[in-house]
Amino acid sequence: MKRVLAFSLFFVQLLSAVPLPVKFRGNDHIEESRLYEVMGIPKPLFFEFWKKKPKIDPTKVNALLPAIEEYYKSHGFYHTRASSRIEKNRIIIDIVENVPIRVADVSAVSTLDIEKIIPFHPGDRFDAELFVKSKEKIKRYYRDNHFCNVYLDAKAFVDIEKNEAYIVYDVHPNDPCVFGKITIHTPPTVDERIIRSLLMFRSGEPYSAELIRRSYREIYANEGIERVIIDDTKHQGNEVPVNITVTVYTKPVHFTAGAGYSSDEGINLQMGVKHRNFFGNLKTVGIDTRYSQIKQYVRTTAEMPLAHHNRLGMEAGVKKEIFDGYDEYSILASFNLKHIRHPHYFQEGIIFDRSDTRNSNDPVNFPNGKLTIVSPGLRWEVDRRDSFLDPTQGYRIELEGKGSVKCYVSDATYYKIMGSASYHKSVDWGIVSTRLKLGSIDVMTGRIPPSYRFYAGGMNSNRAYNYRRLGPKNRYGDPIGAYSIAEGTLEFRIPLGDNFRWVLFSDVTFLGQDAFPDFGKSYIAVGPGIRYLTPMGPIALDVGFDVEDFGQFAFHFHIGELF
């Protein structure tokens, strides 16, 4: 009998050691994916259908329950209790969250206004992780505003009987700091003066950690740079000496190849080769080619950094682009000079375009033939967004204009101006993002290629329509383009778990056949989208509907937020 009992106990233990799937119940405020991570069993994403459901050894579950309770505690639930049981070949983890700790009062003593940085208000649930992050944000804010030495005494007093938290931030900065001596170490192929010209700060200027971050980006914008270290940690009172070390790639010749897909251009392939330190001082020369279903080109590029935040660039190549109703073949060349005056970017240049319109089915709107257009141009940009691929705060403004005078080197007297502005603001429930785009063309004499017109529709335009399919059409159903455009977009970007985000958007478009849009006729799109957040930017899927005809809709796929 004892042997039978022992065997039965062994058999039960053997069965209980078989890994079983896990199901959480009662986790109203903490996402399931987070709890899986706490237990060390990452859960497959909803589209990873090929992966098996996560399982765990039942004998190890009870040892992991305290980790769940501690995780809840770090997010304000000090009284949470977790237990486990087996039900229908599943491990059920029952969570009783109980009453959370609420913020009763927040006080701050600070030279700078840090109210917008503090993430807590009376009545909010206290979150220890968020409290730690807020301290780092306050220190960073001071470093961005000329204070290199900051003493921050931040405390959170938690009363677990009253379920209340009292938060105090006490900030004591030193006097404002200035940049001290700047020492730069470079390899023999790079002149120290080139790196110095890329810095966003100078000795004696007010200290700012933001200027150091922007200097990193400006130096790394040169493709020959392998690594740069900007050391500003050795403070001397209120003076911050900076030591910079730069290394370049030992093999400067770089080959690239890639493939992608977008709803605008379909499949696209790209290949190129570039020398990233051609004859030293970070000059680059390269050749690349790109193929998509509607665009193909081969081009050569060259770029050279100059002193005082200037950069010289050149580009030449051949291009073919397929439009609805005609094809365009072009020989293109451009020469430009960029000036960087943080946070402003200026560019002046000249563009040579030898355009050949072929295979037209509409000689009135798309006349076949060759045109030569030589266009001087100007561009200005200011970018104060906190991220290029996934902005949550800040704004960006861009203005661009070009034109020509009809003469023996150019077939038209015209101008084309374009402008855009975007703004992003974080709110309690997500991000509000807006964008406005304007454009106008006026042709006084001669003729410009039909591709110079504005074509609306697509993921960067009105999302109720496919790429370049919005607006007036000829008798064959081909869009004829517009000579003026005004477009506005409003987006609400709402978090959905750790790696996903919902988007609700509205796009409005006005087009015109002269220099001013017809604001009496609007095209309005509304729709939802979803984002999967990755290190290279959000992977996005949008579907837009025309508000006047919900049968008119379009899907759009892209990587990175559109603005």
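Reply: A residue is buried when its relative accessible area is under 20%, exposed when it is over 50%, and partly exposed in between, using a 1.4 Å probe and protein chains only. Helices (H or I, at least four residues) and strands (E, at least two) are DSSP runs numbered from the N terminus. The model is predicted: local features need pLDDT of at least 70 and side-chain atom pairs count only at pLDDT 80 or more, while totals for chains, interfaces and linings use all residues. Residues are numbered from 1 along each chain as its sequence is written, and side-chain values use heavy atoms, with hydrogens and water left out.

Me: Which residues of α3 are buried?

Reply: A helix has 3.6 residues a turn, so residues three or four places apart point the same way. In α3, the buried set is Val61, Leu65, Ile68, Tyr71, Tyr72 and Ser74.

Me: Against which elements do the buried residues of α3 pack?

Reply: Contact here means heavy atoms within 4.5 Å. By that criterion, the buried residues of α3 pack against β1, α2 (32–38), β2, β3, β4 and α4 (128–144).

Me: How many Å does α3 reach from its first C-alpha to its last?

Reply: The expected span of a helix is 1.5 Å times one less than its number of residues. With 14 residues, α3 has an expected value of 20 Å, and its reach is close to that, at 20 Å.

Me: What residue takes a positive phi just after α3?

Reply: Helix α3 covers residues 61–74. Just after it, a positive phi of about 95° is found at Gly76.

Me: Which are the edge strands of the open sheet formed by four strands?

Reply: Strands count as paired if DSSP finds at least two bridges between them. The order is β2-β1-β4-β3, with mixed pairing. Pairing on one side only identifies the edge strands, β2 (55–56) and β3 (81–87).

Me: What is the bridge partner of Arg25 in β4?

Reply: Strand β1 (residues 20–25) runs parallel to strand β4 (residues 90–96), and four bridges join them. For Arg25, the partner in β4 is Asp94.

Me: At about what angle to β3 does helix α3 run?

Reply: Axes are lines fitted to C-alpha atoms, for helices over the stretch in contact, and angles between N-to-C directions run from 0 to 180 degrees. Helix α3 lies across β1, β2, β3 and β4, and its angle to β3 is about 145°.

Me: Is α4 roughly parallel or roughly perpendicular to α6?

Reply: Angles under 35 degrees count as roughly parallel, over 145 as roughly antiparallel, 65 to 115 as roughly perpendicular and the rest as oblique. The axes of α4 and helix α6 (residues 209–220) come within 6 Å and cross at roughly 85°. The two helices are therefore roughly perpendicular.

Me: Which residue takes a positive phi in the hairpin of β15 and β16?

Reply: Strands β15 (residues 310–323) and β16 (residues 326–341) pair in the antiparallel sense over 14 bridges. Gly313 stands opposite Asn336 in β16. The hairpin has two residues between its strands, and the positive phi, near 105°, belongs to Gly325.

Me: How many bridges join β16 to β17?

Reply: Strands β16 and β17 form a hairpin with two residues between them. Ile331 stands opposite Arg354 in β17. Strand β17 covers residues 344–358 and runs antiparallel to β16; the number of bridges is 15.

Me: With which side chain does the side chain of Arg290 make a polar contact?

Reply: A polar contact is a pair of N or O atoms within 3.5 Å; within protein, one must be able to donate a hydrogen and the other to accept it, and residues adjacent in sequence count only if both atoms are side-chain atoms. Arg290 lies in strand β13 (residues 284–292) and is buried, with a relative accessible area of 16%. At 3.1 Å, the partner of the Arg290 side chain is that of Glu265.

Me: Why does Arg501 count as buried?

Reply: Arg501 is found in strand β23 (residues 500–512). Its side chain makes polar contacts with the side chains of Asp390 at 2.9 Å and Glu561 at 3.0 Å. Arg501 counts as buried because its relative accessibility is 8%.
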